[in-house]
Amino acid sequence: MNKILIVDASDSDCRLMSGLLTRAGYEPIAVETMEAAKDEVAKLPPGAVIVADASLRDSSAKELINWQKAEGFTFPVIAIVNNLNGPDLLEVMKGGGAVDVVQRAGIDKQLVETVGKYAKP
């Protein structure tokens with residue numbers, strides 16, 4: 001079973017994503033802060049995926065991506081953005097950032113399929 005780390009400041013979005021991923025056969029781990037995410041990334045097995053909110057309470061998906069690269073981790077990061085046309089999208093994707101994005105309004109329709117592209121057994 002693939003582990004999926006969810007890093008999101010919204011309790012309701014974390015519950016929604018956890019439920020969708022669990023039903024699809026994944027093992028989600030949900031955290032709300034950058035510090036908690038760093039602790040969990042260090043424990044992730046090969047093949048895991050990170051789903052991170054573009055804007056966290058104490059950080060951003062881009063900062064998590066940069067930290068992960070500096071520490072030698074290579075887990076794919078899927079960013080959750082509010083708007084596919086906004087500056088959030090550009091920021092999180094540029095410079096080797098997120099591998100993909102899911103619009104917050106389409107989590108229920110896009111998340112499982114997008115995670116499936118990157119999760120490895």
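Is the crossing of α2 and α3 left-handed or right-handed? The crossing of α2 and α3 is right-handed, a label used when the near helix is turned clockwise from the far one by less than a right angle, anticlockwise being left-handed. The model here is a predicted one, where local features need pLDDT of at least 70 and side-chain atom pairs count only at pLDDT 80 or more, while totals for chains, interfaces and linings use all residues. Residues are numbered from 1 along each chain as its sequence is written, and side-chain values use heavy atoms, with hydrogens and water left out.

**The helix pair**

Two packed helices are described by the angle between their axes and the distance between the axes. For α2 and α3, the angle is about 35 degrees and the axes sit 11 Å apart. Axes are lines fitted to C-alpha atoms, for helices over the stretch in contact, and angles run from 0 to 180 degrees between N-to-C directions. Helices are DSSP runs (H or I, at least four residues), as are strands (E, at least two), numbered from the N terminus. Where they meet, α2 brings Met-34, Ala-37, Lys-38 and Val-41, and α3 brings Glu-63, Leu-64, Trp-67 and Gln-68; contact means heavy atoms within 4.5 Å.

Now for the buried side of α2. Its buried residues are Met-34, Ala-37, Glu-40 and Val-41, where buried means under 20% relative accessible area, exposed over 50% and partly exposed in between (1.4 Å probe, protein chains only). They span an arc of only 120 degrees around the axis, so they lie on the same side of α2; the arc is taken from the directions from the helix axis to the C-beta atoms. These buried residues pack against β1, β2, β3 and α3.

**The cores**

The largest nonpolar core has 23 residues, and Val-41 and Leu-64 are among those touching the most other members. Such a core is a set of buried Ala, Val, Leu, Ile, Met, Phe, Trp, Tyr and Cys residues joined through side-chain atoms within 4.5 Å. α3 gives the most to this core, with 4 residues. A second, separate core of 16 residues includes Cys-14 and Leu-20.

**The aromatics**

Rings of Phe, Tyr and Trp (its six-membered ring) pair if their centres lie within 6.5 Å, with planes under 30 degrees apart stacked, over 60 edge-to-face and the rest tilted. The structure holds 2 aromatic pairs. Phe-73 and Phe-75 have ring centres 6.2 Å apart and planes at 20 degrees, so this pair is stacked.

| Residue | Relative accessible area | Class |
|---|---|---|
| Phe-73 | 23% | partly exposed |
| Phe-75 | 12% | buried |
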